[in-house]
Amino acid sequence: RCENLVEVYFQLQQQVMAASSELGPELLARLLERFNEVLSSLVKSSFLVEKQPPQVLKTQTKFQASVRFLLGPRLLKAAPKPYMVRADMVTEKQARELELSSYSNTLSESTGEIMHNTVALETNPTSGTCCANFKNVLLKKIKRCERKGSESVTEEKCAVLFSTNVALTPSNISIHLQVLSLPIVVIVHGNQDNNAKATVLWDNAFSDIERVPFVVAERVPWEKMCDTLNLKFMAEVQTTKGLLKEHYFFLAQKIFNDHSASPEDFQNRHVSWAQFNKEILPGRGFTFWQWFDGVLDLTKRCLKSYWSDRLIMGFISKQYVCKLLSMEPDGTFLLRFSDSEIGGVTIAYVIQGKDGSSQVENIQPFSAKDLSIRSLGDRIRDLGQLRNLYPNTPKDQAFGSHYNSEWGAPG
């Protein structure tokens, strides 16, 4: 614990001072200087961000954050008035310069204008904590920096720098404290939110703990990407039912645009940031992440219980659905996420053609708006051509608990 280390420090300092006459002035001065360096390093490392600002931050939107000074209750007891902590926006370049100087440099210029950005560092006698709580902060505007190559504004990372100057008791050493938040992507419009989330997800999942701000790999193993997508899916949808091996296989085929490789082949591949959220999927108007995020949003808003009951196959191609259903009896159906639309779920079902052969039809995808008007369960009940959920569960048995009794029997 930091407090214990500080106590050891003061005990050593007292012992050195007690032996000052034996040490001589030159050695004493060197020891005291070294002690001050150790104390300064310890104190600086105990200044932490307790509540991070939102990592996707919209201008003109209020947000909250807090920093904590672990050694504050021990070292700031006799301060005549509270010290003030300031919050400033910094660019990736500024964050890098601060890191390389071991936070000994101070910020020359903020990259954005933050309202209500100065808060007192206060000690709570009950909890014994020393914190500065930013409750009403607002990023008024952001000054964009020069971007690299084809980098978009939603790939530009910055951070909030929290800083203060304190005088420690009893030694009365003045120390400048600063700490950076996690990387932040600043947006000015809601339609940038999706791409900003991709930048944040990639950075959080694939950056090293010890790194130069905010360097992150351009390519990562596909297996790591699978873990990330799975954790993101379960966290967003709030479900314990994660993605399955067959889901990963479909997602790999989609992101790599490769329908000939085996699941084992994909395990040894690396996926790039460009494949994740820069390159448009073949024949579509959106990236892999934009499509996946649409699935997340739809499932979270309208399909959580169906997914958790494993009633939705979801991540499966139209071609594979035809293969699965081609030999099934009339009325067999399954649910998959739309390939052609963002945030759509469609029903594929077997119908007997005029020539007596089986055909697989796909119903126009339902959006979150559609399913907010009438639920998926009730729509399935309405459709008389649907009989058994693949492979062979009667639809009333599979979806009965999801029917809304208020609507009565289908007309």
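## Salt bridges across the chain

K278 and E155 meet through their side chains in a salt bridge, 2.7 Å from N to O (a salt bridge being a Lys or Arg side-chain nitrogen within 4 Å of an Asp or Glu carboxyl oxygen). This pair ties together distant parts of the chain: K278 sits in the loop between α10 (273-277) and α11 (288-308), E155 in the loop between β7 (129-142) and β8, 123 residues apart. Helices (H or I, at least four residues) and strands (E, at least two) are DSSP runs numbered from the N terminus. K278 is partly exposed at 32% relative accessibility, while E155 is buried at 13%; buried means under 20% relative accessible area, exposed over 50%, and partly exposed in between, with a 1.4 Å probe and protein chains only.

The whole structure holds 19 salt bridges. Among them, D203 and R211 come to 2.7 Å at their closest N and O atoms, and both residues are buried. R374, D378, R381 and D382 join up in a salt-bridge network.

## Strand β4 and its partners

β4 (residues 83-91) is mostly covered, with seven of its nine residues buried. It pairs antiparallel with β6 (residues 118-124) over four bridges, where pairing takes at least two DSSP bridges between the strands. M84 has A120 in β6 as its bridge partner.

β4 also pairs antiparallel with β8 (residues 158-167), this time over six bridges.

## About the model

This is a predicted model, so local features need pLDDT of at least 70 and side-chain atom pairs pLDDT 80 or more, whereas totals for chains, interfaces and linings use all residues. Residues are numbered from 1 along each chain as its sequence is written, and side-chain values use heavy atoms, leaving out hydrogens and water.
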